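Here are my notes on this model, as numbered points. Please keep the structure open while you read.

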Amino acid sequence: MEVLVILVPLALGLGLVGLIGFLWSLKSGQYDDLEGAAWRAIADDEPARQAPRD
Amino acid sequence: MQATRDFSHYVRDAGSGLSHIDLAVEGVSCAGCMSKIERGLSAIPDVTLARVNLTDRRVALEWKQGALDPVSFIDRLAELGYKAYPFETADAEAAEAEQSGFLLRCLGVAAFATMNVMMLSIPVWSGNVSDMIPEQRDFFHWMSALIALPAAAYAGQPFFRSAFRALRTRNVNMDVPISIGVMLALALSVIETVNHAEHTYFDAAIMLLTFLLVGRYLDQSMRRRTRAVAGNLAALKAETATKFVGPDEISQVPIAAIHPGDVVLLRPGERCAVDGTVIEGRSEIDQSLITGETRHVAAERGTAVYAGSLNISGTLRVRVSAASEATLLAEITRLLDNALQARSRYVRLADRASRLYAPVVHATALLTVLGWVLMGASWHDAIVTGVAVLIITCPCALGLAIPTVQTVASGAMFRAGVLLNSGDSIERLAEVDHIIFDKTGTLTLPELEVVNAADIPEEALRLAGQLALSSHHPVAAAVARTANARSPLPGAVEEPGQGVRGYVGGRELKLGRPAFCGAEHLPSDNACLDPEASIVAFSMGETRYLLSVRQGLRPDAQAVISALLKRGIKVEILSGDREPAVRAAAHALGVSEWRAGVTPADKIARIEELKSGGLKVMMVGDGLNDAPSLAAAYVSMSPISAAHLSQATADLVFLGKPLAPVVAAIDFARKALHLMRQNLWLAVGYNLLAVPIAISGVVTPLIAAAAMSGSSLLVMLNALRARRVAQGRP
């Protein structure tokens, strides 16, 4: 059962990665417009973009 | 003089050579609108970002600095068929947004911690039944502690802070028992882990926080959404003023960019957006939004004008006396201050519940500890049992009982056209048994309309409407609106103070004063009956008609009043307007109790009189003169067209032309209060079942977790019923 010493921290580490992912998505504004996001997923194509920002 | 529009006030520097502006857009409701707007705006050269937010109904735009004028975006959106206006985030809304982001972060941390602690707890639960090596169990417990302690320290902040604030002011709120429960559960669990015990409560404590944060977040996001809508509506009113930027040069700027000392131009038909003094010109102004009086007042050099006044006939130059929000008639300000101070602080249902709840729970826990010690148990075992009582009674369901109902009910009210300004207004609204209505702008519509339109031949009305489009006079605007006129008559000429003249097919058309149209001898039957109406005449060659223009009652006012009476609510009208006008409205609506010519101080006195009789009074009003009485009433409501100050003072704001939202709001509030009480009883019932188990000392963490999530789910599901009210049921 010594394998638990590796497996449990590994599981927790993966959980932590998930949490960091969530916090990142929150910070980058992905939850700002929940209604719009639902529609964007099924839109035919992205609106034409002008020259990319740089 | 042609005014240019200047929106530079709203443009922000987004860095790296880009400018940013936020626009509130009306009528965006679907994916089609979203892509249409984004494509339409992205097609403008030099635009680098055009993104629609469908939840808030706003567009964020960025473009190369100096390349474009923000006005061009608004024009482009108008071409696409959307009304848009620059939007400035109010401080309150920004604070709400930040708070809701923080709660979501806390919720994220708590939820991830719960999942991981549960992953460790379930093996321990099953291991306790079979045979787990104590070292393994200790390892699992230490891992749980490692996750739960920092997570609770972070995610518990909203509760710890609020509990601390309450205790510092010697109060108790729901967060006090929550914080004590969570902290004791965690502390006990650490001690138990050190002592290699079988049971720890890390899972229960962190799960409790997760459930409560769900409730908190729901509550917060409902308020944020309401604020966003209110912010959009405020922006879409597009309040601008024509400001003199040179001796003869004018520019149309947003109100926010006007400062005291500026001189603004007020044309006929325009609503004044600032407070100030007339320095040049002569006109009549309609101050019904301020005083409730529908009769026009003469304005000349030296007359004070207030935001919300409608200029009727001449052009005025006004020197702004104070910034747009911080103004007003001294008397109203003084009364409002007094009323706000006297406003008895309403104790929310949740706080009342927790005032009863906290002492009972803590006393029970203490008695449990003492009881077990007296019965010969060790101090250690007695304290463990006592903490188990606290954990099991920790008000998880109680904490969710009210916010979930509030969220669902406010969503339903939102769909019915009612916005909430304050969180506890639902509870207060449900108890209302007497409603005082203001007349002007509340029972009547704020805009003028032609009341005898049905008596005029359709063709004549259409031509009159087209002719009216050439004039800025508010009465002409009302004629144009009633006739649904779109295109002005070519070649029509306005004769100031008289009317408009035009030609169609060789016939001369005139719209204006009866004398101007040669209609002064026409029998004006309805004009005699209606003391409030302005009479205008319309002539086509030799045929002449009289049009009676006035503020009409809201279309469903009568139905609403009878619906209120049916619900056992008394209705009364208090108006600052003249007696004949108020009597006519009261008579038409079937309201027996009314008073006319009432001053703001009288209104407050009447409310106090009713309050001392034990009645729960709701005030519904829109005028500046209503603001003090809105603050003095038990609960208050304003239409969206109300004066700024009244809207900010009212607990609820309703949208649109009909008065029906008033009844809908009361129905939803009553249902919500019923469900809140029901939920509290459910929570109490759960405690009555669970506490004896906890006192007897047989509670395991598994029972605690199951009981907690079970009761929380029950309460949440019950709250969903607040979405609907039975039609026609009081």
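1. How many helices and how many strands does chain A have? Chain A has two helices and zero strands. Bear in mind that this is a predicted model.

2. Next, the place where the chains meet. 24 residues of chain B are in contact with 24 residues of chain A. On the chain B side, four elements each supply at least two residues: helix 1 (31-42), strand 4 (47-53), helix 3 (91-129) and helix 4 (134-155). Helix 3 of chain B gives the largest share, nine residues. By type, the chain B side divides into twelve nonpolar, nine polar and three charged residues.

3. Take one residue from chain A as an example. A:Leu23 sits in helix 1 (residues 4-27) of chain A. Is A:Leu23 buried, exposed or partly exposed? It has 15 C-beta neighbours inside 10 Å, so A:Leu23 counts as partly exposed. Leaving out residues up to four places away in sequence, A:Leu23 touches B:Arg105 and B:Gly108. Compare A:Ala38: A:Leu23 and A:Ala38 are 15 residues apart in sequence, and their C-alpha atoms are 20 Å apart in space.

4. Now two helices within chain B. Two packed helices are described by the angle between their axes and the distance between the axes. The axes of helix 4 of chain B and helix 7 (residues 202-236) of chain B come within 10 Å and cross at roughly 30°. Angles under 35 degrees count as roughly parallel. Helix 4 and helix 7 of chain B are therefore roughly parallel to each other. Their crossing is left-handed.

5. Which residues make that contact? Helix 4 of chain B brings B:Ser144, B:Ala145, B:Ala148, B:Ala151, B:Ala152 and B:Ala155. Helix 7 of chain B brings B:Phe202, B:Ala205, B:Ile206, B:Leu209 and B:Leu213. The contact of helix 4 with helix 7 of chain B divides into ten nonpolar residues, one polar and no charged.

6. Helix 10 (residues 349-374) of chain B and helix 11 (residues 379-393) of chain B pack at an angle of about 155°, with their axes 8 Å apart. That angle makes helix 10 of chain B roughly antiparallel to helix 11 of chain B. Their crossing is right-handed. Helix 10 of chain B contributes residues including B:Val361, B:Leu366 and B:Trp372 to the contact. From helix 11 of chain B, B:Trp379, B:Asp381 and B:Leu390 are among them. The residues of this contact divide into eleven nonpolar, five polar and one charged.

7. On to the strands. Strands of a sheet pair through backbone hydrogen bonds, either parallel or antiparallel. Strand 22 (residues 534-540) of chain B is mostly covered, with five of its seven residues buried. Four bridges join strand 21 (residues 507-512) of chain B to strand 22 of chain B, and the two run antiparallel. Here B:Lys510 stands opposite B:Ser539. Seven bridges join strand 22 of chain B to strand 23 (residues 543-553) of chain B, again an antiparallel pair. B:Ser534 has B:Val549 as its bridge partner in strand 23 of chain B. Strands 22 and 23 of chain B form a hairpin with two residues between them. In the turn, B:Gly541 has a positive phi of about 55°.

8. Look also at the open sheet in chain B. Its three strands lie in the order 12-11-14, with antiparallel pairing.

9. Finally, parallel pairing. Strand 17 (residues 434-437) of chain B runs parallel to strand 24 (residues 570-574) of chain B, joined by four bridges. B:His434 stands opposite B:Lys570. Strand 24 of chain B also runs parallel to strand 25 (residues 594-595) of chain B, with two bridges. In that pair, B:Leu574 stands opposite B:Arg595.

Note on methods
Residues are numbered from 1 along each chain as its sequence is written. Chains are lettered from A and ligands numbered from 1 in the order in which they are written. This is a predicted model: local features need pLDDT of at least 70, side-chain atom pairs count only at pLDDT 80 or more; totals for chains, interfaces and linings use all residues. Two residues are in contact if their C-beta atoms, placed from the backbone, lie within 7 Å. Ala, Val, Leu, Ile, Met, Phe, Trp, Tyr, Cys and Pro count as nonpolar, Asp, Glu, Lys and Arg as charged, and the others, Gly among them, as polar. Axes are lines fitted to C-alpha atoms, for helices over the stretch in contact, and angles run from 0 to 180 degrees between N-to-C directions. Angles under 35 degrees count as roughly parallel, over 145 as roughly antiparallel, 65 to 115 as roughly perpendicular and the rest as oblique. A crossing is left-handed if the near helix is turned anticlockwise from the far one by less than a right angle, and right-handed if clockwise. A residue is buried if 20 or more other C-beta atoms lie within 10 Å of its own, exposed if 12 or fewer, and partly exposed in between; C-beta atoms are placed from the backbone. Two strands pair if DSSP finds at least two bridges between them.
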